[in-house]
Amino acid sequence: MSLRTRLILLSSVWVLLLVIVFNVTIYFYILRNSTTAETKLLWNKAQIILRNPYSRQPDNWGDPDLLAEYNEPDMLVRIIDTEGVIRASVSTSDRLAAYPVSYKSGYGSAMVNEFGVRMLFVQVPIRAHGYQLGTLELGKSLNVMSEWLKLLGTGLYMTSGAVLVVALVSGYFYTRVLIRPIGELLDTMNEIRKKRYFVTLSPRYASAKDELGRLGQTFNDMIETLKEQDARQKQFVADASHELRTPLTVIESYASLLSRWGGERPEVREEAIQAIQSESVRLKGLIHSLLRQAEFERGEELPKQPVSLIPLLQETAGRLAMAFRREIRLDVSEGAEPVCLGSEEQLKQLLIILLDNAVSYSDGPVLIGCREQGREIVLTVADQGIGIPEEDIPHLFERFYRVDKTRQRRSGGSGLGLSIAKQIVDRHNGTISIQSGSGAGTQVEITLPRAIF
């Protein structure tokens with residue numbers, strides 16, 4: 001069963017149930033009030049009869065005209081003594097007269113429904129000198145009310161049927177309007193699956209201010225995100241393929257050269273081995289950078305833990321200074337103990353990337369600065385090297401971007417370092433900027449939120 005059919009049936013059933021409850025309530029409300037009104041009329045008539053002292057004396061109950069003046073159509077009036085014997089009676093309805101005699105010692109009323117005709121009875125005690133002498137019983141056949149209630153019931157039944165038909169017809173049309181955006185969404189998804197390209201939902205269904213409109217807008221936002229990720233993935237694969245092609249081509253060329261001339265010419269063999277080894281190391285570093293880049297692009301949640309930056313800076317700077325045999329100075333404000341929330345491993349990788357670039361493109365000391373500035377921590381890595389042309393600075397954080405081929409040959413870089421550094425800073429909710437110029441050195445400034453305890 002389709003969703004549309006289920007919605008039509010469900011809404012129609014609910015409407016029908018509400019109408020039935022409403023009609024039943026109306027029916028019994030009218031029945032109750034009509035019965036109460038008729039009962040009051042009989043009580044009043046009984047009081048009128050008993051106001052006559054003649055009717056309260058047992059010696060007069062044998063008079064055939066005792067109750068004649070109270071006779072009305074569809075009416076029963078009778079007096080019953082304490083033995084349950086009818087002493088006086090007048091009636092215009094055989095059905096009422098055939099109602100079983102019942103002596104009651106107090107007031108009472110009863111509604112009897114026989115063969116579709118309602119009969120109402122009331123009993124009033126007849127008392128004298130503190131003793132009950134008998135019971136005055138009045139009965140009335142509610143023919144008019146019964147007919148009227150039949151008409152009311154028929155009308156309510158017809159109303160329920162009409163409401164059901166209207167509910168089904170209106171449900172057909174409003175569910176058509178309701179389901180149309182969902183059907184359009186399904187068609188769009190099937191089109192994406194079959195044609196293998198991203199398609200957004202029509203603004204007609206994504207601009208509404210209701211839940212379906214928000215669903216369409218969310219779907220379009222998701223498709224745009226997938227398109228961006230797909231474009232980034234394709235670009236990443238293209239860039240990676242391009243970068244991997246060069247070292248593999250070099251290795252293949254020198255391996256071919258080695259197989260042809262390596263046995264006869266030692267100098268060729270030595271050159272080929274060194275080239276293959278160099279390109280293998282470069283290829284290994286490139287693959288490692290690509291894996292790190294892919295790891296960041298997966299968007300895994302960053303582990304949140306306090307990281308004390310001073311010990312991290314001291315340890316990283318000391319190890320790289322020894323590895324590169326270069327002077328790396330650490331300038332920290334006295335008494336400062338900056339702490340941020342994030343990943344110590346990623347922050348260490350960030351420092352290694354920046355220090356590696358600084359050492360690779362300069363010959364003098366490298367300076368690391370760290371200071372607290374309000375609710376932020378400011379890190380700087382500065383060198384006095386060859387600098388970066390101003391026109392290249394906006395592109396430095398793009399993947400595989402290099403300022404020139406000389407820098408590539410000198411450092412063996414892959415062009416991924418600053419891109420990874422930017423993603424690390426972004427994941428720590430910080431910012432990174434570069435100030436440089438040709439021959440003027442380079443300074444990288446990073447701001448990170450300070451941990452508040």
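Predicted model: local features only at pLDDT ≥ 70, side-chain atom pairs only at ≥ 80, totals over all residues.
Modeller: A residue counts as buried under 20% relative accessible area, as exposed over 50% and as partly exposed in between (1.4 Å probe, protein chains only). Glu-327, with a relative accessible area of 43%, is therefore partly exposed. Residues are numbered from 1 along each chain as its sequence is written, and side-chain values use heavy atoms, with hydrogens and water left out.

Colleague: What share of the residues in the protein is buried?

Modeller: Of the 453 residues, 39% are buried. The protein has 10 helices and 12 strands; these are DSSP runs numbered from the N terminus, helices (H or I) having at least four residues and strands (E) at least two.

Colleague: Is Leu-347 buried or exposed?

Modeller: Leu-347 is found in helix H8, residues 344–360, and is buried, since its relative accessible area is 3%.

Colleague: With which residues is Leu-347 in contact, leaving aside its neighbours within four places in sequence?

Modeller: Contact means heavy atoms within 4.5 Å. With those neighbours set aside, Leu-347 touches Val-307, Leu-309, Leu-312, Cys-340, His-428 and Leu-448. Its C-alpha atom is also separated by 7.3 Å from that of Ile-424, 77 residues apart along the chain. For the protein as a whole, 61% of the contacts between residues at least 6 apart in sequence join residues at least 24 apart.

Colleague: How many salt bridges does the count give?

Modeller: Side chains of opposite charge can pair when their charged atoms come close. The rule requires a side-chain nitrogen of Lys or Arg within 4 Å of a carboxyl oxygen of Asp or Glu, and by this rule there are 10 salt bridges. One of them joins Glu-315 and Lys-348, at 3.7 Å from N to O. Because Glu-315 lies in helix H7 (residues 309–324) and Lys-348 in helix H8, this pair ties together parts that are 33 residues apart in sequence. Glu-315 is partly exposed at 30%, and Lys-348 is partly exposed at 24%.

Colleague: Which residue forms a salt bridge with Asp-426?

Modeller: The partner is Lys-422, with the closest N and O atoms 2.9 Å apart. Both residues belong to helix H10 (residues 417–427), four residues apart, or about one turn of the helix. Asp-426 is partly exposed at 37% relative accessibility, as is Lys-422 at 28%. Elsewhere, salt bridges that share partners join Glu-315, Arg-319 and Lys-348 into one network. Glu-327, named at the outset, meets Arg-329 in a salt bridge of 2.7 Å, N to O; Arg-329 is partly exposed, with a relative accessible area of 45%.

Colleague: How many aromatic pairs does a search of the whole structure find?

Modeller: A pair of aromatic rings is described by the distance of the centres and the angle of the planes. Rings of Phe, Tyr and Trp (its six-membered ring) pair with centres within 6.5 Å; planes under 30 degrees apart are stacked, over 60 edge-to-face, and the rest tilted. The search finds three aromatic pairs. Tyr-27 and Phe-28 are edge-to-face, at 5.5 Å centre to centre and 85° between the planes. The pair of Trp-43 and Tyr-107 is tilted, because the ring centres are 5.9 Å apart and the planes stand at 55°. Trp-43 lies in helix H1 (residues 3–51) and Tyr-107 in the loop between helix H2 (94–97) and strand E3 (108–114), so the pair ties together parts 64 residues apart in sequence. Trp-43 is partly exposed at 24%, whereas Tyr-107 is exposed at 54%.
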